[in-house]
Amino acid sequence: MTGVEALLTGLGASVVSSGVIGFAIKTYLEAAIKQRFNLETELLRQKLQADTERLKVDLALRQESQHEMNERRFKAYPLLVELVYRLRNVAREAVQASLANMNATVDDFQARVRALEDCLYSYRIDLQRDHVFASVHAFKNAARTFEFVLNDVSYYVSKEEPEQVAAARGRLAIAYPP
């Protein structure tokens, strides 16, 4: 029996040591996998947090940029409307003005046309984006044409040519009927 006992003892010791070694390996592998999983999870969490912060900054910059563009666009329209109405009123006054006041009217009209041109070109990109540049530009061109006729009237008044003054004022009346 000593052979069988030795065999059983050896087999039992082998089984116990295999179990202990297996348990140790299992515990080690579980700890290594858990540590690696925790490390990967933390790295992903940090990357997610960094991406979130980057997106927040990008969104804030876009909102600020959009706000500035909207503010600039909305600043242009009241100015354009004011200039158009003032030009229209000065044109009406020019048609009805006495010849003595013609130089002041011409100077006022020229200044307002220049202001409209400056405004038009300052806000050109915004106006084109809103599809109104062409109509405002056409109005500016009509105002420039009206200005040329006003200059003709002023010139003929200074040269004391009543027939030419009457003809030029007739062109004004056609451009801006009473």
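Select helix 4 and helix 5 first: in this predicted model, helix 4 passes helix 5 in a left-handed crossing. Helix 4 covers residues 133-158 and helix 5 covers residues 162-175. Two packed helices are described by the angle between their axes and the distance between the axes. Here the angle is about 160°, and the axes lie 8 Å apart. Angles over 145 degrees count as roughly antiparallel, so helix 4 and helix 5 are roughly antiparallel to each other.

Next, show the side chains where these helices touch. From helix 4, select F146, V149, L150, D152, V153, Y156 and V157. Which classes of residue make up the contact of helix 4 with helix 5? Colour the selection by class, and 10 residues come up as nonpolar, 1 as polar and 3 as charged.

Keep helix 4 on screen and bring in helix 2, residues 102-122. Select E117 and K140, whose side chains meet in a salt bridge with an N to O distance of 3.9 Å. E117 belongs to helix 2 and K140 to helix 4, so this pair ties together parts that are 23 residues apart in sequence. Are the two residues buried or exposed? K140 is buried, at 6% relative accessible area, and E117 also counts as buried, at 16% relative accessibility.

R144 lies in helix 4 and E117 in helix 2, so the pair ties together parts that are 27 residues apart in sequence. R144 has a relative accessible area of 24% and is partly exposed. Select E147 as well: E117, K140, R144 and E147 are linked in a network of salt bridges.

For the last stop, move to helix 1, residues 2-96. Select E42 and R45, whose side chains form a salt bridge of 3.2 Å, N to O. How far apart along helix 1 are R45 and E42? They are 3 residues apart, so about one helical turn separates them. R45 counts as partly exposed, with 48% relative accessibility. E42 counts as partly exposed as well, with 33%.

Key. Residues numbered from 1 in each chain as written. Predicted model: local features only at pLDDT ≥ 70, side-chain atom pairs only at ≥ 80, totals over all residues. Heavy atoms only, no water. Axes fitted to C-alpha atoms, helices over the stretch in contact; angles between N-to-C directions. Helix = DSSP H or I, 4+ residues; strand = E, 2+ residues; numbered from the N terminus. Parallel < 35°, antiparallel > 145°, perpendicular 65-115°, else oblique. Left-handed = near helix turned anticlockwise from the far one by under 90°. Contact = heavy atoms within 4.5 Å. Nonpolar A, V, L, I, M, F, W, Y, C, P; charged D, E, K, R; others polar. Salt bridge = Lys/Arg side-chain N within 4 Å of Asp/Glu carboxyl O. Buried < 20%, exposed > 50% of the residue type's maximum accessible area, 1.4 Å probe, protein only.
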